Amino acid sequence: MFRIGDFSRIARVSARLLRFYDEIGLFTPAHADPQTGYRYYTITQLAQLNRILVLKDLGFNLDQVRDILSSNVGTAELRNMLLLRRNDVELTLAAESHRLRHIETRIAQLESDGALSAEDVVVRAEPARRILSLRRTVPSFGAARGLIVELSNHARQFLPKRHSHTLIVIAHSLQFEQDELDVEFGYAFEDEPKRNVPAGAAVKLRELEAVERMAVCVRVGLPEDAHLVTAKIGRFLESSGDRLAGPSREVFLRPPDLDRMHEAVVEMQFPVRSHAPE
């Protein structure tokens, strides 16, 4: 049997916490010396203590932990509960990692604000293209990237395999709402499709219209960091007096790798028109 100090070292649990659990009757020692009051624990009690710690990690309060223990929840059920909790934590970490990256790019924007230049922006005509496209309204950039997989699956049915196809993303929303993105993903192609797209299909063949004047700037990285590039577009518009004139586009200069989207090289394109003074 182990005295409380030794048991706390083996269990890696605070001795104060063990005393507290004893006081509330949640986890009592195997033996308490009636004369000295010393608490003694056995190694077999580790299993019960671990159950308590698992349930606490799952977010249950102590009264709920006591009720669950009394119902003899099995190890397999506890493991499944932990797996679900792990998934929740992973999602939280991913969200926090995204927030951290976004904060870092905003800091970079603040630090470079005085040095923002419109010199990286070029204006050119953009020809019309035939595209096989899929349009959805999605709640996040992550969900939008999932559409690439769906579009690729459809493309295998309709587009020839001889050449790679340029991926183009059209942002139809004229106001930016990060949790409500109206986006259209399309593959541009020149050869004739393998077969016609039937009515009612998730994808459609259409012509992406030509644009006489397109302000273009290259982005390397995720769309979550695009504000570093769109700020340059804004500086260009301010200096030129031009105005935005329709949905923006993103043209992938090389095929996207979903596992390495942070290395994506993308042309950000904004249709512009001259602004006649009033």
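## Surface charge

A residue is called exposed when its relative accessible area is over 50%. The model discussed here is a predicted one. K161 has a relative accessible area of 71% and is therefore exposed. This residue, K161, sits in the loop between helix 6 (141-158) and strand 6 (166-171).

In soluble globular proteins, nonpolar side chains tend to be buried together. Here the largest nonpolar core has 25 residues, of which L132, V183 and F185 touch the most other members. Two or more residues of this core are given by each of strand 5 (129-138), helix 6, strand 6 and strand 7 (181-189). Helix 6 provides the largest share, with 7 residues.

Another core lies apart from this one; it holds 21 residues, including I4, Y21, L46 and I52.

## Salt bridges

The whole structure contains 15 salt bridges. One of them joins the side chains of D22 and R39 at 2.7 Å, N to O. D22 belongs to helix 2 (residues 15-23) and R39 to strand 3 (residues 39-41), so the pair links distant parts of the chain, 17 residues apart.

R124, E126, R129 and E267 form a network of salt bridges. Within this group, E267 and R124 meet at 2.6 Å, N to O. Because E267 lies in strand 12 (residues 265-273) and R124 in strand 4 (residues 122-126), the pair ties together parts 143 residues apart in sequence. E267 counts as buried at 13% relative accessibility, whereas R124 is partly exposed at 30%. E126 also meets R124, at 3.3 Å, N to O, and E126 is buried, with a relative accessible area of 4%.

Technical notes
Residues are numbered from 1 along each chain as its sequence is written. This is a predicted model: local features need pLDDT of at least 70, side-chain atom pairs count only at pLDDT 80 or more; totals for chains, interfaces and linings use all residues. Side-chain values use heavy atoms; hydrogens and water are left out. Helices (H or I, at least four residues) and strands (E, at least two) are DSSP runs, numbered from the N terminus. Buried means under 20% relative accessible area, exposed over 50%, partly exposed in between (1.4 Å probe, protein chains only). A nonpolar core is a set of buried Ala, Val, Leu, Ile, Met, Phe, Trp, Tyr and Cys residues joined through side-chain atoms within 4.5 Å. A salt bridge is a side-chain nitrogen of Lys or Arg within 4 Å of a carboxyl oxygen of Asp or Glu.
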